[in-house]
Amino acid sequence: MDKEGGGNSSGGRQQSGKVTNISCPVCGESIEGLTKLNNHLDIDHGFDNGSPEVQKRNSKNPKTSKVQQIVKNHWQRPDSYGRAVCQECGSSSKKSNAFINCRKCGLIYCNLHCKNIIKLNTDAQYDPLHGKWYACCYRCFSERPGYNDYGSFVDKTSSFIGLRETKNEDKRLRLLQLENRLVRLVNGIASIHAKCKSSILMSFTMRNEASELERTVTPWRNDRGVLDCSVCFKPFGLTLWKHHCRLCGNIVCNRDETGCSSEISLQHLVNAAKDLPYQQKVSDLAEIDHSIRLCYKCIRSLYGERKFKKDLQKPKPQLLSLCESLESTSKLITDTISHMEKFMIRMDDSKIAEQIPKEEDMTESKKMRTKLLRSVAMYNSLARQVSRITPANPTEAKIKRSVQVASSTFINEKILSLKRVPGMIDDSPRTSSPIREPDKVKSTDLLFNNLTISEVKKYREELMVLKEQKFLVESMIEEAKKQRKFDEVATLSTNLNELSEQIATTQGNLGEQGFT
Amino acid sequence: MLQFKLVLLGDSSVGKSSIVHRFVKDSFDEFRESTIGAAFLSQTIKIEDKGSQQEVVIKFEIWDTAGQERYKSLAPMYYRNANAALVVYDVTQQDSLAKAQGWVNELKTKVGEDDLVICLVGNKLDLCTEEGESSSKPKAVESSDAEGYANEQGLLFHEVSAKTGEGVKQVFQSIGEKLYEFKKHELANSKGRQGAGGDTVNVQLQRPSTNDATSCCG
């Protein structure tokens with residue numbers, strides 16, 4: 001009997017181990033022992049970490065554990081022999097745990113075919129809002145309203161285009177604003193310059209007036225509360241000063257390494273954007289010695305597009321022009337080959353019909369041949385020129401590598417149809433094709449070690465075929481052994497040895513170009 | 001028993017494998033898949049020695065090569081020391097004869113002519129003989145043309161149908177006879193050269209082929 005109504009702290013101070021009756025500080029009920037009091041407080045008054053809800057549920061657990069059960073009266077029962085048959089796969093069993101009723105339709109399924117879950121209410125109806133998860137068959141799963149195989153599909157293109165347009169519109173407006181400000185600045189400075197050209201204190205007055213003008217053209221942002229550069233986000237300090245961009249008014253630093261802002265002379269600004277409507281002629285503005293500070297963002301939006309257009313007018317670098325001519329040559333080759341193949345088919349048809357080929361067809365085919373051979377030779381020489389260029393920067397080196405890979409792939413791809421060209425001519429009436437043959441070899445001899453591309457390709461193909469065959473023969477030997485046909489095993493083994501030899505030779509021919 | 005190595009050559013899908021299967025297993029598959037690499041099969045036949053009227057058993061070791069262009073590089077390995085080559089074409093395909101002629105040329109240039117028995121075989125005869133039916137195709141290769149070519153080149157010539165089995169046995173029979181003739185010549189020559197020194201008796205040590213239907217151990 002210690003204290004009455006001392007709050008729950010009174011229990012904490014109780015040191016003695018003997019059992020005493022304590023009255024609950026909240027409801028006054030007399031409780032035996034501290035532990036019980038604690039429990040009483042925790043459970044009945046919800047002092048345990050302030051979550052009375054949880055406690056309530058715990059305390060009522062025995063009662064609420066009888067959660068409202070989902071209806072079961074529509075369930076399919078096993079037949080009179082206790083056998084249940086899966087609706088899906090038809091397997092049957094008497095074991096009760098091998099089968100499960102779909103909670104929705106009530107039919108019996110095996111465990112394999114009742115793997116979906118669906119939200120159902122207690123009436124076994126689909127209820128996505130208040131239902132609980134229950135096992136169901138695939139049919140119920142897929143037949144529920146709103147189900148499809150691919151999920152929901154919304155076409156966002158139009159809204160995206162709309163968003164993009166507003167964004168671009170904003171950008172254009174902003175650019176227009178910047179351009180207007182620039183024009184006003186230039187005009188104003190030019191007039192100030194004209195006014196005080198004759199004055200002795202020219203530079204002084206000009207600087208003052210120009211600074212005033214700058215503030216009227218662009219509302220400067222209040223620099224109080226601005227702690228770091230709006231471009232590079234470096235905090236300002238004693239060494240890093242705040243500067244205002246004269247066009248957008250934002251506060252930026254002037255670090256050289258980031259180029260967040262820079263002072264650019266009026267002359268350069270005007271020269272780089274000659275198309276803007278200044279009051280004076282561009283040439284007249286050249287004599288004004290005045291610089292304007294612009295931030296990185298303004299420079300980019302004002303001059304980015306202009307610079308791009310200007311760059312386009314510059315002569316292309318050698319690599320690029322070579323690349324373009326390679327592209328056009330490859331197109332020419334592809335076209336000629338397809339044209340030629342069609343032509344050959346026509347020639348063959350006429351040959352089958354036992355017609356004598358016409359003279360103009362012959363000259364036509366010869367012309368095409370020459371054209372094709374020339375363009376291939378051209379392609380080859382262009383590819384070599386590319387490989388001779390020393391790249392000026394990493395990007396060019398990258399481009400060069402890609403171009404080289406692409407050109408050798410192209411040759412590789414076309415080599416087959418190219419090789420067929422002389423053959424096609426030979427098949428048709430005998431003409432002076434053999435004389436051309438050496439040409440052919442020369443045009444495709446992009447060298448890989450000492451092998452031409454075509455040879456490498458041929459050897460690789462051969463090697464592949466040989467290895468395939470080796471595998472086949474090995475399995476044949478196994479088969480023959482099983483069937484006790486030992487005379488066949490001997491023959492096959494000889495062949496296997498031959499194959500291995502051949503593989504070794506071909507691999508030797510390929511050298512480094514082989515596969516590992 | 002004499003053993004001979006025989007190789008089948010020809011364009012793809014002319015029916016090389018079908019001919020072999022008809023000969024070896026006496027079966028036909030309408031939807032045979034194309035051969036990969038080269039398949040090996042063996043079969044024995046009996047021929048009659050014209051001199052002594054005795055039966056001689058000949059065993060063919062048959063290499064059925066794939067006709068696809070991709071496997072062309074494999075062919076030399078198999079025809080290099082073959083005793084006989086079956087060059088097959090499709091009687092309904094003009095191109096296939098041209099390809100077959102290409103093979104014949106290759107064989108003649110790469111392999112010594114006298115060692116090799118070449119037989120030109122036109123397959124798919126059944127497609128042309130089903131007269132009046134809508135499925136029959138026109139015969140693109142006239143027998144006379146092919147036969148003329150075969151005579152000119154000194155080849156054996158047959159037209160067969162692997163589907164009906166028509167003429168297939170005869171092909172191998174005639175090849176066997178020709179090979180046997182060669183062998184006999186060769187033996188006679190070598191014996192003549194050896195002179196009277198050796199009264200050698202050839203004892204057949206190998207047991208008879210298990211492929212023989214009458215044999216007990218199949």
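Author: A helix here is a DSSP run of H or I at least four residues long, numbered from the N terminus. The model is predicted. Helix α15(A) is followed by Gly511(A), whose phi is positive, near 60°.

Reader: Which residues of α15(A) are buried?

Author: They include Glu488(A), Val489(A), Leu492(A), Leu496(A), Leu499(A) and Ile503(A). Thr506(A) and Leu510(A) belong to the list too. An α-helix has 3.6 residues a turn, so residues three or four places apart point the same way.

Reader: Why is Ile503(A) called buried?

Author: Its relative accessibility is 8%. Buried means under 20%. Ile503(A) is therefore buried.

Reader: What does Ile503(A) contact, leaving aside its neighbours within four places in sequence?

Author: Leu463(A), Leu466(A), Lys467(A) and Lys470(A). A further pair shows how the chain returns to this place. Ile503(A) and Glu462(A) are 41 residues apart in sequence, but their C-alpha atoms are 8.6 Å apart.

Reader: Now the two chains. What makes Arg70(B) and Glu461(A) a salt bridge?

Author: The cut-off is 4 Å, from a side-chain nitrogen of Lys or Arg to a carboxyl oxygen of Asp or Glu. The N to O distance between Arg70(B) and Glu461(A) is 3.0 Å. That is within 4 Å, so the pair counts. Between chain A and chain B the count is 3 salt bridges. There are also 9 residue pairs in polar contact between chain A and chain B, both residues at pLDDT 80 or more.

Reader: What makes Lys59(B) a buried residue?

Author: Its relative accessible area is 5%. The limit is 20%, and Lys59(B) lies under it, so the residue is buried. Lys59(B) sits in strand β3 (residues 55-65) of chain B. Leaving aside its neighbours within four places in sequence, its contacts include Asp487(A), Phe4(B), Ser42(B) and Thr44(B).

Reader: How do you know that the length of helix α3 of chain B agrees with its number of residues?

Author: α3(B), residues 94-110, has 17 residues. At 1.5 Å a residue it should span 24 Å. Its end C-alpha atoms are 25 Å apart, which agrees.

Reader: What covers the buried residues of α3(B)?

Author: The cover includes β1 (2-10), α2 (75-79), β4 (84-90), β5 (117-123) and α5 (143-153) of chain B. Among the buried residues of α3(B) are Leu97(B), Ala100(B), Trp103(B), Val104(B) and Leu107(B).

Reader: Where is Asp26(B), and why is it called exposed?

Author: Asp26(B) is in the loop between α1 (16-25) and β2 (38-48) of chain B. Exposed means over 50%. At 51% relative accessibility, Asp26(B) counts as exposed. Asp26(B) also has a positive phi of about 50°, although it is not a glycine. Most residues other than glycine have a negative phi.

Reader: Why is Phe233(A) called exposed?

Author: Its relative accessible area is 57%. The threshold is over 50%, so Phe233(A) is exposed. Phe233(A) lies in the loop between α7 (202-217) and β9 (243-244) of chain A. Its phi is positive, about 60°, although it is not a glycine.

Reader: How many helices and strands does each chain have?

Author: Chain A has 15 helices and 14 strands. Chain B has 6 helices and 6 strands. Buried residues make up 33% of the 516 residues in chain A. In chain B, 45% of the 218 residues count as buried.

Technical notes:
Residues are numbered from 1 along each chain as its sequence is written. Chains are lettered from A and ligands numbered from 1 in the order in which they are written. This is a predicted model: local features need pLDDT of at least 70, side-chain atom pairs count only at pLDDT 80 or more; totals for chains, interfaces and linings use all residues. Side-chain values use heavy atoms; hydrogens and water are left out. Helices (H or I, at least four residues) and strands (E, at least two) are DSSP runs, numbered from the N terminus. The expected span of a helix is 1.5 Å times one less than its number of residues. Buried means under 20% relative accessible area, exposed over 50%, partly exposed in between (1.4 Å probe, protein chains only). Contact means heavy atoms within 4.5 Å. A polar contact is a pair of N or O atoms within 3.5 Å; within protein, one must be able to donate a hydrogen and the other to accept it, and residues adjacent in sequence count only if both atoms are side-chain atoms.
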